[in-house]
Amino acid sequence: MKHIIRLAVLVTVIFSRVCAQEDRIALHLEEGKSGAIWDLVFSSDGKMLWSCGRDSTVKAWNFENGEAVLSLRAPHATLVTSLALSPDDALVAAGDMNGHILIWEAASGALLHDIAAHKRYISDIAFTPDGRTIAACGRDDTLSLWDASTGRELRRIAAGCVWVNALSVSHDGSLLATAGQDGSVKVWDLAGGSLVRVLGRHRRFARTVLFTPDDAVLLSGGRDGSVRAWDVRKGILLQDMPVNIGFPHHLALDPPGKLLAVSMMNGLLEIWDWGKQTRRASIPNSYGAMAAAFQPHRPERLASAHTDGAVRVWNAQDGTEIVDFVGFSDGQWLTFTPDGYYDCSAFGDRYVQWRKGEELYPLARYQALYKQPSVIEDALAGTYTPERRLERIADPPLASILAPRDGQLFAFGTEPLEVIVEARAWDVR
């Protein structure tokens, strides 16, 4: 016998225009899928940004659209501690916690050299201005110089400062400056390897050094919470600038050499007009800054590396956050603005959720609203400014069946089946 079932569905949708809770909204990254970013560097034209960190990789980011276009993996599990790019952008060099120097061909991603360069952790690495030599330093208290094309060791220098925390090569290629664990700030002759002078000492260990563009001044930062400016030729202290909170971990100058970015892994990123000893900004949302770099040809853009696994991009003039880059250990990536718009790789949102209080909501659930690659491009180009940090997000709709009631029986063919569904949605606007 053929039965005809009439199904009448009555859906009652009740939209409650109720503001979401005031809990802070943040992106929650799945633990173990990304790692702290230790260092970063721009290509000479400013179109690519390279980063490295705890997930054993070096990543290349397209700074025009926010895409991660290349991921280079170390041949052994490690923390990649330092990063350098040759002046012609052809080679990428990295130091790691095991004392190895890794050199890749930037265009192809081919690993050219894996050098057991130091007995311990490599703390910093740099190319000379001619691109022929790589300078490295580490916790074995030595400096080393390497032929960039062959990977052959050229020279090793005993630094005599417990261990070397950082180095800087002068722009004319004649000098090498070091920051020592004993607080010392030293200048070395790069060609001969001899000590030129000890400029002075920080009261606690010296963490970072940087030559100004004219090589007349050396900037240093130390565990005593100060940034100091030294006259390289005369060997005298010119300025002593205390930071607000924490201690300098890394220093970066804009191309003209006017603005100084002071990164602090235990504090906020600060921007200084260092010549005037004036703090321009202490940037909110920048805690745990390991390193920073100004974009060449566009110094109003500043990128910073953070312990939470993000590379953040700022307007260096006013401290406005523009976008965040997050790369994952399996090569996936996510780029997003503070107000929630994002772009990602095919599965880049699988490890990310919105977090409000104790509740977690998959990012992909809001894809239709927030996945907007054009917004990322506009933000990086400077034609879109995020309105504000996302503070509210709509709770997912809740649906409940009012009829039929649980366990209700029907005699098929004798009465219509009516389904009543109530849906509640919260609108944050």
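Analyst: R228 is buried, with a relative accessible area of 7%; buried means under 20% relative accessible area, exposed over 50%, and partly exposed in between (1.4 Å probe, protein chains only). This is a predicted model, in which local features need pLDDT of at least 70 and side-chain atom pairs count only at pLDDT 80 or more, while totals for chains, interfaces and linings use all residues. Residues are numbered from 1 along each chain as its sequence is written, and side-chain values use heavy atoms, with hydrogens and water left out.

The side chain of R228 forms a salt bridge with D240, at 3.4 Å from N to O; the term stands for a side-chain nitrogen of Lys or Arg within 4 Å of a carboxyl oxygen of Asp or Glu. This pair links distant parts of the chain, with R228 in strand β21 (residues 226-231) and D240 in strand β22 (residues 236-242), 12 residues apart. Strands here are DSSP runs (E, at least two residues), numbered from the N terminus. D240 is partly exposed, at 34% relative accessibility. R228 also meets D224 in a salt bridge, at 3.6 Å from N to O, and D224 is buried.

Elsewhere, D324 and R312 form a salt bridge whose closest N and O atoms are 3.0 Å apart. That pair also joins distant parts of the chain: D324 lies in strand β30 (residues 320-327) and R312 in strand β29 (residues 310-315), 12 residues apart. Both D324 and R312 are buried. They belong to a network of salt bridges that links D308, R312, E321 and D324. Over the whole structure, the search finds 10 salt bridges.

Terms used
Helices (H or I, at least four residues) and strands (E, at least two) are DSSP runs, numbered from the N terminus.
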